[in-house]
Amino acid sequence: MAKSALRRRRGTRKTTDEHAMLRTIVCGLLLIGVGLGAGLLAGFFFYSSDPAVSAVRNSPNDAISKAAHNLRHNSVRDDAHHDMDNLRKKQQEKLKEEMGAPAVGVPENAEKRKQEFLAYEPKHGYKGSFPYPNAGAPVDEHHDFTSFRAPGGYRFEEYKWGDSPYTYSPGESDALARSRRIHVKNAMKHAWENYEKYAFGSDEIKPISLHGSSTWGDLGITLVDSLDTLWLMGMKEEFYRARDWCKNNLNHNQNAAVSVFETTIRSLGGLLAAYELSEDDTFVDQAKDLGARLFKAFDNPSGIPYGRVNLATGATSNLGWSPRDGILSEFGTLQMEFRSLSRLTGISDYKTKSEEVYHILRDMHPPHALYPYFVANTGDRPEFANQKLTFGAMADSFYEYMLKVWLQGGKTEQVFRDMYDESMQGMFDELLSVSSPSELVFIADKQGRRMDTKQDHL
């Protein structure tokens, strides 16, 4: 019994000793690894920072090896930059080549129909008086529109190639428009009364729940965007109540990233328009504050502003779903507002930096002066990032603003008119299309060389 127990204890001890030895070896190896790593790090920092070592490294005796080291590493870095520059250049050349190439996937006889339309001379007044009594008669002031049903398509096809086929007696068209005017104003009254009752000062009203929402940064964007409409429609009491809200409650110091484009055209534009109409300093004071916050988006080495800015901190970025690229219709639709703000404040940067966007784009020389709607703007210089050509979403208002900026400047800044004319010619040459069999004229999209025969409705 005693011997048997002793053998069991010895056997157990032997197994335990083997496990302990294995653990010791593993721990030793780990310690060696940690020691080597720590030694390498310490040596690196010592070698990098110790003055004595630096003196030795920089001594005349070491000049040749140092020069060779720098030459080798600088050469590698320069080669990498050179290769990247060549790659970017080739990519941009390929993009432009694709965009400028003849289109494929064009429906049969499409070019023939297009040329027939371009050669067509519009006709005027050849069908006599306007034949649609319900559409052409003045509208009674008390007309009930709640039962209105749209008649559907295939109406007024005689207008489709630019004809103006009917004659009007003097003042007939003006009388019709004036009879409709009160109903347009009534629609505005209905919308504004409910906004003021249920969501005054909110960004938007939810028409079913009748609650306000702060979708656009809690800037009262519906209120601010409606100021000029209230003034033009003669709704002065509503206008001045909205003015008082802007004076007492509007606060742009919001710790939230907002769309530079939406906030510029709706909030900044709304404030500027209200000031131009009313000359009330409340609006220009608020515009100065908002404009300075939004303008931080232009602090970008590429010259193309970022798509978002935090109004409180000034932090900038592109939109979350387009992190590397600016969007043509956004950064190309800021110029009128910032030029107006420049005139009112005397801050020239608002004008020059916003205009520089157009000069940068023109210098990129896209074929036919048609601009893809994604432009990479996170590097030192902008580059086209896709091949999609469109006058619809993502590009539309850029083409509008080229002409509007020219008009805003008193038709004296010819470069903006030239850009607009070049793009319109490109649109006629590349995108203008005629449908079959209805022969309706529309502006198609183009993706690289392939036509996309549809038109956005905006």
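Contact, in these legends, means heavy atoms within 4.5 Å. The model is a predicted one, in which local features need pLDDT of at least 70 and side-chain atom pairs count only at pLDDT 80 or more, while totals for chains, interfaces and linings use all residues. Residues are numbered from 1 along each chain as its sequence is written, and side-chain values use heavy atoms, with hydrogens and water left out.

**View 1. The surroundings of Asn-300.** Leaving aside neighbours within four places in sequence, Asn-300 is in contact with Pro-305, Tyr-306, Asn-377 and Gly-379. Asn-300 belongs to the loop between helix H10 (281–294) and strand S4 (308–310); helices (H or I, at least four residues) and strands (E, at least two) are DSSP runs, numbered from the N terminus. The side chain of Asn-300 reaches the backbone oxygen of Asn-377 at 2.9 Å. A polar contact is a pair of N or O atoms within 3.5 Å; within protein, one must be able to donate a hydrogen and the other to accept it, and residues adjacent in sequence count only if both atoms are side-chain atoms. With a relative accessible area of 8%, Asn-300 is buried (buried means under 20% relative accessible area, exposed over 50%, and partly exposed in between, with a 1.4 Å probe and protein chains only).

**View 2. The open sheet S6-S7-S8.** Three strands, in the order S6-S7-S8, form an open sheet with antiparallel pairing. Strand S6 (325–327) and strand S8 (383–384) stand at the edges with a single partner strand each, so one side of each has no neighbour in the sheet. Two strands pair if DSSP finds at least two bridges between them; S6 and strand S7 (residues 374–376) pair in the antiparallel sense over three bridges. Asp-325 has Ala-376 in S7 as its bridge partner. Strands of a sheet pair through backbone hydrogen bonds, either parallel or antiparallel.

**View 3. The two faces of helix H4.** In helix H4 (residues 110–119), the residues Ala-110, Arg-113, Lys-114 and Phe-117 are buried. Seen down the axis of H4, the buried residues fall within an arc of 100°, so they line one face of the helix; the arc is that of the directions from the helix axis to the C-beta atoms. The exposed residues Lys-112 and Ala-119 are carried on the face turned away from the buried side of H4. The cover over the buried residues of H4 includes helix H15 (414–430), strand S10 (432–434) and strand S11 (441–443).

**View 4. Aromatic pairs.** The structure holds 22 aromatic pairs. One of them, Trp-192 with Tyr-195, is tilted, at 5.2 Å centre to centre and 45° between the planes. Rings of Phe, Tyr and Trp (its six-membered ring) pair if their centres lie within 6.5 Å; planes under 30 degrees apart count as stacked, over 60 as edge-to-face and the rest as tilted. Both Trp-192 and Tyr-195 lie in helix H6 (residues 172–198), three residues apart, about one turn of the helix. Trp-192 counts as buried at 2% relative accessibility, and Tyr-195 counts as buried at 2%. Tyr-371 and Phe-398 form an edge-to-face pair, 5.2 Å centre to centre with 80° between the planes. Tyr-371 lies in the loop between helix H13 (348–363) and S7, and Phe-398 in helix H14 (residues 396–408), so the pair ties together parts that are 27 residues apart in sequence.
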